[in-house]
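Biologist: I'm new to this one. Can you put it up and walk me through it?

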Amino acid sequence: MTAAPAATNRIAVVTGASSGIGAATARQLAAAGYRVVLTARRKDRIEAVAAEINTAGHQATAYALDVTDRPAVEEFATAFPTIGVLVNNAGGALGADPVATGDPADWRQMYETNVIGTLNLTQTLLPALVASGDGTVVIVSSTAGHGAYEGGGGYVAAKNGARVLAETLRLEIVGRPVRVIEIAPGMVRTEEFATTRFGGDEEKAAKVYAGVAEPLVADDVAEAITWSVTRPSHVNIDLLVVRPRAQASNTKVHREL
């Protein structure tokens, strides 16, 4: 059974919606009946996705926003007396160096985006989620937040932070009309994730997926998010780990080379 959004909580805010999982989630939530607000730093990209959604007969608005800019996030939140869904998707990885040689600036940026950005949106929009009478916070973490791997120290640390944020928030607001859902994707091939991680090095990015017949794609994760959000109100999907069949763990992947 899919729960249609009520009139009081039809707004869904999706961060990091300019591409990949965020854009796919915005499209799918819009198709499910939500009025989607897409946020990201790249104004032109979110406007293009919003236009595509509106052309398809759904409702979408683009709002340029850096989730790490607290004053900007606070100003953004004033526009919403109530919202139904917040999807904290903005994040990403930088580099794959060992802990011994990793760039502290990369670690700091990953923590700021994946954890502090999620904290900023969640804190400022929580009153509007509560006011809806039936709110949902989604935190898109990663299997990196559930298991360490070599070369992933900074990203693993940041996604552990996002995971613990979700777990703690769920404990702290139990009894209020807001669900807290964590979606933890494994290997997902999107147009930008690995390329961004390796500073635009397409060759290194391609090696991440080399020999993997069918890594997940953005729509796979977006479908998991949309399914979780549209469960009946009393059903909370605490944690949903989503991996491709070829990936048994962060360090065990079947490759046909």
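Biologist: What does Asp238 contact, leaving aside neighbours within four places in sequence?
Modeller: Asp238 is in contact with Arg170, Val180, Ile181 and Glu182. Contact means heavy atoms within 4.5 Å. This is a predicted model: local features need pLDDT of at least 70, side-chain atom pairs count only at pLDDT 80 or more, and totals for chains, interfaces and linings use all residues. Residues are numbered from 1 along each chain as its sequence is written, and side-chain values use heavy atoms, with hydrogens and water left out.

Biologist: Where is the place of Asp238?
Modeller: Asp238 is in the loop between H8 and strand S7 (239-242). Helices (H or I, at least four residues) and strands (E, at least two) are DSSP runs, numbered from the N terminus.

Biologist: And how far is the C-alpha of Asp238 from that of Ser228?
Modeller: They are separated by 9.3 Å, and the two residues are ten apart along the chain.

Biologist: Why is Asp238 called partly exposed?
Modeller: Because its relative accessible area is 37%. Buried means under 20%, exposed over 50%, and partly exposed in between (1.4 Å probe, protein chains only).

Biologist: New topic. Which residues have the most contacts inside the largest nonpolar core?
Modeller: Leu29, Val36, Leu38, Val87, Val138 and Ile225, in a core of 34 residues. Such a core is a set of buried Ala, Val, Leu, Ile, Met, Phe, Trp, Tyr and Cys residues joined through side-chain atoms within 4.5 Å. Elements giving two or more residues to this core include strand S1 (11-14), strand S2 (35-40) and helix H8 (218-229).

Biologist: What does Val87 touch, beyond four places in sequence?
Modeller: Its partners include Val13, Leu29, Val138 and Ile225.

Biologist: Last one. Which residues lie nearest the centre of the largest cavity?
Modeller: Leu94, Gly95, Ala96, Asp97 and Trp107, out of 15 lining residues. Helix H4 (104-131) and helix H5 (153-172) each give two or more residues to that lining. On a 1 Å grid over the protein atoms alone, a cavity is a set of points where a 1.4 Å probe fits but cannot get out; lining residues have an atom within 4 Å of a point.

Terms used:
On a 1 Å grid over the protein atoms alone, a cavity is a set of points where a 1.4 Å probe fits but cannot get out, and a pocket is an open set with protein on both sides within 12 Å along at least five of seven lines; lining residues have an atom within 4 Å of a point.
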